[in-house]
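Subject: Structure handover

Hi,

Here is the structure we talked about. Please open it and keep it on screen while you read my notes below.

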There are 2 protein chains.
Amino acid sequence: MAITGRRPLSRRRILETAVRFVDREGLDALSMRKLGGELGVEAMSLYNHVPNKGALLDGMVEVLLGELEVPPESDNWEDRIREAYRRFRRMAHDHPDIFSLLITRPPEAMYGVWLAEEFLKTLREAGFEPRMALHAFRALNSYTVGYAMAEIRNFALEPGGSRMGAQQLSEDEFPRLSELKPHLEDVDRDAEFEFGLGLIFAGLRERA
Amino acid sequence: MAITGRRPLSRRRILETAVRFVDREGLDALSMRKLGGELGVEAMSLYNHVPNKGALLDGMVEVLLGELEVPPESDNWEDRIREAYRRFRRMAHDHPDIFSLLITRPPEAMYGVWLAEEFLKTLREAGFEPRMALHAFRALNSYTVGYAMAEIRNFALEPGGSRMGAQQLSEDEFPRLSELKPHLEDVDRDAEFEFGLGLIFAGLRERA
DNA sequence: TCTGTTGACTTACACTGTATATTTACCTCG
DNA sequence: CGAGGTAAATATACAGTGTAAGTCAACAGA
């Protein structure tokens with residue numbers, strides 16, 4: 001009988017299993033029954049630990065944000081903030097579907113308070129007024145979220161993004177896009193991301 | 001008998017009805033049966049004009065992007081681009097759920113080619129090298145998408161966002177957030193958005 | 001008028017989230 | 001040891017989902 005007793009179910013274990021499952025099979029594949037199966041349990045058992053599927057999704061986001069660590073203090077505030085956003089972006093790469101969830105769902109709880117607090121502290125110590133710190137915070141957030149999301153979709157808003165080869169777009173209808181084509185393949189995304197951050201920092205420095 | 005003949009079904013009419021429906025009832029409320037009902041028709045009839053629900057969603061995005069107009073030529077390239085992003089952001093406000101779809105779904109077709117082409121043309125004429133134009137394009141896109149999305153979620157990553165009053169966060173645990181609280185309410189979002197754009201433009205000007 | 005095609009309808013199926021009721025497993029107390 | 005209570009897993013059920021397959025009626029062109 002000892003054998004039959006599986007590892008005990010818990011909110012934590014459910015959420016972590018769900019994260020792994022979605023990373024592996026995609027968000028659309030996630031159903032309460034399949035997740036139950038993954039845990040060797042009936043679907044309804046999950047409801048003892050999670051009120052409904054929406055809360056499950058929120059919980060998965062929570063898990064991910066919980067794993068984010070604030071970079072260590074440093075005398076270079078810009079580097080520290082850059083590093084924080086690097087980690088955020090890496091999270092998007094590692095868990096694309098859940099990242100989409102994160103930026104899509106109107107969450108109940110306040111997820112990233114520590115992150116925000118730490119971030120603002122850094123900016124304030126760097127000399128920004130509260131209001132300006134808020135603007136900077138939001139600008140950097142927006143840029144990073146947007147860039148990471150575009151990467152996840154493989155820049156699908158642009159031509160050359162994921163599928164379409166260039167054969168489709170005629171050179172005289174879209175000359176600018178065509179001339180860009182050779183570059184599209186070999187852009188270093190890490191560098192491009194940092195470049196974009198740099199643009200914002202440059203603007204901020206002007207106004208600090 | 002003439003009366004019974006409803007306005008004819010068509011892909012176009014289906015998509016436009018779906019857009020209105022989602023704007024009114026939310027994306028979760030959209031089902032093939034309800035959309036059929038909206039059009040006075042059975043669910044399965046929709047499949048004569050749309051291969052499946054995914055294509056329906058893509059089509060809705062397509063409709064919205066089709067309504068986006070490129071601002072008229074102007075001798076001030078920066079203003080022109082700003083205006084384009086203003087319209088993009090306005091679209092997000094007017095159709096929040098579909099905007100989420102737009103940035104979330106990996107699309108089949110190349111949606112915004114004209115927009116991209118026109119945009120790049122402007123940047124190239126402003127003197128940017130193709131590669132730099134691409135970076136600028138992506139940076140501005142990312143920022144705008146991210147900001148608009150944050151607005152839609154009412155900046156829910158931050159405290160004070162939508163729900164939580166400040167009562168929740170203790171002043172000595174989160175001093176920076178607390179000092180920010182009075183500002184959170186009366187930030188002019190239009191101005192803040194423009195400010196963020198300005199940061200990026202400033203950085204670009206340095207490097208043009 | 002006959003015929004072929006198009007598009008709407010009907011039915012059916014597998015699957016979803018979850019409310020409700022029931023059973024099982026375990027802990028504590030006598 | 002057994003009894004009782006409690007928490008959690010299960011079983012059953014229902015309304016709603018996307019959509020495959022088959023039917024049927026209205027219209028087009030010959």
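Start with Asn154(A), which is partly exposed, with a relative accessible area of 27%. The model is predicted, so please keep that in mind throughout. Asn154(A) sits in the loop between helix H7 (130-152) and helix H8 (175-185) of chain A. Its phi is near 60°. That is a positive value in a residue other than glycine.

Now look at Asn154(B). Where does Asn154(B) lie? Its place is the loop between helix H7 (130-152) and helix H8 (175-185) of chain B. Phi of Asn154(B) is near 60°, again a positive value in a residue that is not glycine. Is Asn154(B) buried, partly exposed or exposed? The relative accessible area of Asn154(B) is 29%. Buried would need a value under 20%, and exposed a value over 50%. Asn154(B) therefore counts as partly exposed.

Next, chain A as a whole.

Chain A has nine helices and zero strands. Along the sequence, the pattern reads α-α-α-α-α-α-α-α-α. Chain A has 208 residues, and 50% of them count as buried. Take the contacts in chain A between residues at least 6 apart in sequence. Of these, 66% join residues at least 24 apart.

DNA strand C:

- How many residues surround DNA strand C? There are 16. The closest are Arg33(A), Tyr47(A), Lys53(A), Glu42(B) and Ser45(B).
- By class, the surface near DNA strand C has seven nonpolar, five polar and four charged residues.
- Helix H2 (residues 32-38) of chain A gives the most to this surface, with three residues.
- Some atoms of DNA strand C come within 4 Å of the protein. Of those atoms, 51% belong to sugar or phosphate, and the rest belong to bases.
- Tyr47(A) has a polar side-chain atom 2.7 Å from a phosphate oxygen of DNA strand C.
- Ser31(A) has a side-chain N or O atom 3.2 Å from a phosphate oxygen of DNA strand C.
- Glu42(B) uses its backbone: an N or O atom there lies 2.8 Å from a phosphate oxygen of DNA strand C.

DNA strand D:

- DNA strand D has 17 residues around it. Glu42(A), Ser45(A), Arg33(B), Tyr47(B) and Lys53(B) come nearest.
- Sugar and phosphate make up 51% of the atoms of DNA strand D that come within 4 Å of the protein.
- By class, this surface has seven nonpolar, five polar and five charged residues.
- Which element gives the largest share of the surface near DNA strand D? Helix H2 (residues 32-38) of chain B does, with three residues.
- Glu42(A) has a polar backbone atom 2.8 Å from a phosphate oxygen of DNA strand D.
- Met32(B) has a backbone N or O atom 2.9 Å from a phosphate oxygen of DNA strand D.
- Asn48(A) reaches a base: a polar side-chain atom of Asn48(A) lies 3.0 Å from a base nitrogen of DNA strand D.

Now the largest pocket.

The largest pocket has a volume of about 1,100 Å³. It is lined by 27 residues. Closest to its centre are Leu27(A), Leu101(A), Thr104(A), Leu27(B) and Thr104(B). Which elements give two or more residues to the lining? In chain A they are helix H3 (53-67) and helix H5 (96-104). In chain B they are helix H3 (53-67) and helix H5 (96-104). The lining divides into eleven nonpolar, five polar and eleven charged residues.

Leu204(B) is in helix H9 (residues 189-207) of chain B. Is Leu204(B) buried or exposed? The relative accessible area is 0%. The limit for buried is under 20%, so Leu204(B) is buried. What does Leu204(B) touch, leaving out residues up to four places away in sequence? Leu204(B) touches Leu199(A), Phe128(B), Ala136(B) and Leu140(B). Now compare sequence with space. Leu204(B) and Ala139(B) are 65 residues apart in sequence. Their C-alpha atoms are 10.0 Å apart.

That is the handover.

Best wishes

Notes
Residues numbered from 1 in each chain as written. Chains lettered and ligands numbered in written order. Predicted model: local features only at pLDDT ≥ 70, side-chain atom pairs only at ≥ 80, totals over all residues. Heavy atoms only, no water. Near = heavy atom within 4 Å. Polar contact = N/O pair within 3.5 Å; in protein donor to acceptor, adjacent residues only side chain to side chain. Helix = DSSP H or I, 4+ residues; strand = E, 2+ residues; numbered from the N terminus. Nonpolar A, V, L, I, M, F, W, Y, C, P; charged D, E, K, R; others polar. 1 Å grid on protein atoms, 1.4 Å probe; cavity = no way out; pocket = protein on both sides within 12 Å on 5 of 7 lines; lining within 4 Å. Points joined across faces, edges and corners; volume = space filled by probe spheres on them. Buried < 20%, exposed > 50% of the residue type's maximum accessible area, 1.4 Å probe, protein only. Contact = heavy atoms within 4.5 Å.
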